[in-house]
Amino acid sequence: MRGIKSHAMVLAASNDDHTKVELVEPPASAVVGERVTFPGYSGEPDSVLNAKSKVWEKVQADLRTNADLVASYKDVPFTTSAGVCKVSSIADGEVR
């Protein structure tokens, strides 16, 4: 995130009462380490991040899975060159 090299990141979806959690998975043929994009968004990081602005909290509020189990930001799918990222069975779940 923000153009900072990360060695790992895990995103998971949960149902409303948080009794079920599943990892958001890229397509099997996605390249390891490939950038996940959101069509229609530039993807350029902010040049300066103010820790007090709570960017993650603002972004996370719009991360959900849809009825087709696709992880999305504001209804735009997490997308790789191999397709979209999904969960196994949690529809309309919160992603964190």
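Helices (H or I, at least four residues) and strands (E, at least two) are DSSP runs, numbered from the N terminus. The model is predicted, so that local features require pLDDT of at least 70 and side-chain atom pairs count only at pLDDT 80 or more, whereas totals for chains, interfaces and linings use all residues. Residues are numbered from 1 along each chain as its sequence is written, and side-chain values rest on heavy atoms, with hydrogens and water left out.

T79 lies in strand β6. With a relative accessible area of 18%, T79 is buried, where buried denotes under 20% relative accessible area, exposed over 50%, and partly exposed the range in between (1.4 Å probe, protein chains only). The T79 side chain reaches the backbone oxygen of P77 at 2.9 Å. Contacts (heavy atoms within 4.5 Å) of T79, leaving aside neighbours within four places in sequence, are made with R35, V36, T37, P39 and V84.

Three aromatic pairs are present in the structure. Rings of Phe, Tyr and Trp (its six-membered ring) are paired if their centres lie within 6.5 Å; planes under 30 degrees apart are stacked, those over 60 edge-to-face, and the rest tilted. The ring centres of F38 and F78 are 4.9 Å apart and the planes stand at 70°, so this pair is edge-to-face. Because F38 belongs to the loop between β2 (21-23) and α1 (55-60) and F78 to the loop between β5 (76-77) and β6 (79-80), the pair ties together parts that are 40 residues apart in sequence. F38 is partly exposed at 21% relative accessible area, and F78 is buried at 4%. Y41 and Y73 are likewise paired edge-to-face, with 5.4 Å from centre to centre and 65° between the planes. Y41 is located in the loop between β2 and α1 and Y73 in strand β4 (residues 71-73), so parts that are 32 residues apart in sequence are tied together by this pair. Relative accessibility is 41% for Y41, which is partly exposed; Y73 is buried, with a value of 15%. One aromatic cluster is formed by F38, Y41, Y73 and F78.

In soluble globular proteins, nonpolar side chains tend to be buried together. Apart from neighbours within four places in sequence, V24 is in contact with L11, A12, A13, A71, C85, K86, V87 and V95. V87 is found in the loop between β7 (83-84) and β8 (94-95) and is buried, with a relative accessible area of 6%. With the same exclusion of neighbours within four places, V87 contacts A13, E22, L23, V24, T65 and L69. The C-alpha atoms of V87 and P26 are separated by 8.9 Å, the two residues being 61 residues apart along the chain.

Two salt bridges occur, each defined by a side-chain nitrogen of Lys or Arg within 4 Å of a carboxyl oxygen of Asp or Glu. In the bridge between E22 and K20, the closest N and O atoms are 3.7 Å apart; E22 is buried at 12% relative accessibility, whereas K20 is partly exposed at 37%. E94 and R96 meet through their side chains in a salt bridge of 2.5 Å, N to O. Here E94 is partly exposed, at 22%, and R96 is exposed, at 55%.

Key:
Polar contact = N/O pair within 3.5 Å; in protein donor to acceptor, adjacent residues only side chain to side chain.
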